[in-house]
Amino acid sequence: MRNDRLLPLLERLAGTALPMHMPGGKRRFPSALPYRLDATELPALDDLHAPTGVLRTLERRASALWGCEQTFVMVNGGTGALLSAVRAAGGGTLLIARNCHRSVYNAAELCRLPLAFLVPESDGTILPETVEKAFQNGQNIELMVITSPTYEGTVSDVSAIAAICRRHGSRLLVDEAHGSHLAFLPGWEDRTAVRRGADFVVHSLHKTLPALTQTALLHAPADWTDRLRFACSVFETSSPSYILLASVDECLAFLERDDAAAVWRDYADALGEVRERLFACLRHFRLYDAENAEPGKLLLLTGGTSGVETAQALRERFAIDVEYAYPDRLLAMTSVCDDRETLGRFADAVLTLDGEAVGEGAPEHPPLFRQSGENPLPQAVFQPFELRDAPSRTVPLAASAGEISLEYVWAYPPGIPALLPGERVPEGLPERLHALAASGVSVRSSSGRFPTLSVLA
Ligand SMILES: Cc1ncc(COP(=O)(O)O)c(C=O)c1O
């Protein structure tokens with residue numbers, strides 16, 4: 001066993017040293033939870049904010065696995081990594097894909113950066129020509145942020161986008177929260193954001209790899225180390241959980257295994273088989289498929305049958321929970337920890353429900369992102385950070401068209417804002433949000449008081 005691994009260190013600690021320090025459970029609180037291994041920074045365990053020992057080794061191992069110069073290990077998710085990267089590298093106007101995660105919007109607000117938007121295509125990707133056009137507006141853009149793969153698994157042309165950014169003296173941050181596994185997935189190894197030339201890349205390890213919830217990585221060029229180290233310390237707890245850090249260690253050890261390639265090959269083959277079976281046998285539903293869609297996401301288009309009700313049937317009749325459901329689709333996430341048995345069980349259940357479905361069949365390529373070209377973005381009258389202390393009044397969302405919102409409103413998941421503070425509520429948006437909520441999708445707002453909206457008085 002390597003002597004720079006965290007779990008053996010924690011186990012050794014648990015068995016020997018008397019903890020006259022934090023945390024209060026003292027590694028002896030009786031519980032089924034891992035109190036025995038609960039530790040924070042100690043001389044033997046290094047310091048996440050200034051790593052020189054076992055955690056520095058952990059960072060180096062992650063950099064080697066993904067092929068980048070510097071990696072920061074995070075215990076507060078892709079959220080913390082995105083906040084840190086924008087804090088360190090943002091300046092002037094922050095150019096972001098409209099389908100960025102809420103944390104990018106929160107970062108812009110905290111750092112008082114004006115936002116400009118790239119409108120995604122209907123599959124959620126950003127075209128290089130959209131980026132090129134955005135740079136013609138004369139704004140000073142130091143950082144651009146896109147999400148690739150999207151929550152649904154579609155991947156943008158990061159090489160072309162990175163080249164445009166470089167040409168305009170800007171840097172590219174790719175939120176690859178959903179793509180940590182791509183570097184190991186046969187056929188996708190060279191399509192990662194690191195390989196395709198992004199400057200900064202965020203991985204939510206826990207989403208698609210075997211690492212505990214909240215674990216994430218931020219990859220960057222070496223000359224950004226000091227600025228990013230500080231930014232990470234702004235957003236990261238000063239008492240990181242070593243249970244989470246040990247799980248990053250376990251995950252990397254899994255990726256470093258001698259037989260890792262065979263394990264990934266097996267997963268890819270099992271995925272290929274289940275996808276083939278669903279393509280061949282579905283009559284009413286349809287499995288989303290595109291050259292730029294990574295295969296680990298099983299996006300089931302349910303056509304005239306409610307995706308929300310299909311998800312409910314999967315849960316109640318087959319004991320299967322999916323990632324999210326919308327009126328016309330549901331998303332099942334897979335990982336290398338699935339196998340032929342689990343994937344086959346999902347396919348059996350879906351095929352049963354497909355056999356019972358009535359009404360319109362699913363279209364081949366429905367819009368995955370609805371605010372594309374034909375559905376323009378709301379008019380931005382103010383930047384979100386300008387309205388923090390603005391006078392407000394509360395109106396029913398149904399009566400809010402034409403008002404200036406003081407809230408973020410989003411459907412969850414995936415947490416992409418449909419409306420921002422400072423935007424004029426467009427005609428039709430309240431009705432669309434009400435319809436989404438009525439169909440069983442969770443719609444949320446900053447105040448938590450949906451379906452009312454706080455607007456500028
Ligand atoms: C695209 C995207 N980026 C970032 C995040 C935030 O990641 P985390 O949950 O690890 O904080 C999410 C979470 O769902 C996401 O979907």
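# Briefing: sheets, a packed helix and a ligand shell

Seven strands form an open sheet with mixed pairing, in the order β1-β7-β6-β5-β4-β2-β3. β1 and β3 (115-118) stand at its edges with a single partner strand each, so one side of each has no neighbour in the sheet. The model is predicted. A further open sheet has four strands, ordered β8-β9-β11-β10, and its pairing is antiparallel. A ligand is surrounded by 14 residues, and α3 supplies the largest share of that shell.

- β1 and β7 run antiparallel and are joined by five bridges.
- Within this pair, T71 has H219 of β7 as its bridge partner.
- Helix α2 (residues 54-66) packs on the sheet and touches both β1 and β7. The direction of α2 makes about 120 degrees with that of β1.

- Strand β4 (residues 143-147) has five of its five residues buried, so β4 is largely enclosed by the rest of the structure.
- L143, V145 and T147 point one way from β4, while M144 and I146 point the other way; all of them are buried.
- In a regular strand, side chains alternate between the two faces of the sheet.
- Strand β2 (residues 94-97) pairs with β4 in the parallel sense over three bridges. L95 has M144 of β4 as its bridge partner.
- β4 and β5 also run parallel, joined by five bridges. Here the bridge partner of T147 is D175 in β5.

**Four-stranded sheet**

- In the sheet of order β8-β9-β11-β10, the edge strands are β8 (286-287) and β10 (324-326), each pairing on one side only.
- Strand β9 (residues 297-301) pairs with strand β11 (residues 329-333) in the antiparallel sense over five bridges.
- L298 stands opposite A332 of β11.
- Helix α11 (residues 307-318) lies across β10 and β11 and runs at about 140 degrees to β10.

**Helix α8**

- The buried residues in helix α8 (residues 225-235) are L228, A231, C232 and F235.
- Seen down the axis of α8, these buried residues fall within an arc of 105 degrees, so they line one face of the helix.
- An α-helix has 3.6 residues a turn, so residues three or four places apart point the same way.
- D226 and V234 are exposed and sit on the face of α8 turned away from its buried side.
- The buried residues of α8 pack against β1 (70-74), α3 (77-89) and β7 (216-220). Strands β1 and β7 are themselves paired through five bridges.

**Ligand shell**

- Of the 14 residues that surround the ligand, the closest are G77, G78, T79, A177 and S204.
- Three residues of the shell come from α3, which is the largest share.

**Two loop residues**

- W188 lies in the loop between β5 (171-175) and β6 (200-203). W188 counts as buried because 20 other C-beta atoms lie within 10 Å.
- Leaving aside neighbours within four places in sequence, W188 is in contact with L182 and E294.
- W188 and D38 are 150 residues apart in sequence, and their C-alpha atoms are 37 Å apart in space.
- A398 is in the loop between β12 (392-396) and β13 (409-412). A398 counts as partly exposed because it has 13 C-beta neighbours inside 10 Å.
- Outside four places in sequence, the contacts of A398 are with P430 and H434.
- A398 and F135 are 263 residues apart in sequence and 36 Å apart in space, C-alpha to C-alpha.

Definitions and conventions
Residues are numbered from 1 along each chain as its sequence is written. This is a predicted model: local features need pLDDT of at least 70, side-chain atom pairs count only at pLDDT 80 or more; totals for chains, interfaces and linings use all residues. A residue is buried if 20 or more other C-beta atoms lie within 10 Å of its own, exposed if 12 or fewer, and partly exposed in between; C-beta atoms are placed from the backbone. The arc is that of the directions from the helix axis to the C-beta atoms. Two residues are in contact if their C-beta atoms, placed from the backbone, lie within 7 Å. A residue is near a molecule or strand if its C-beta atom, placed from the backbone, lies within 6 Å of it. Two strands pair if DSSP finds at least two bridges between them. Axes are lines fitted to C-alpha atoms, for helices over the stretch in contact, and angles run from 0 to 180 degrees between N-to-C directions.
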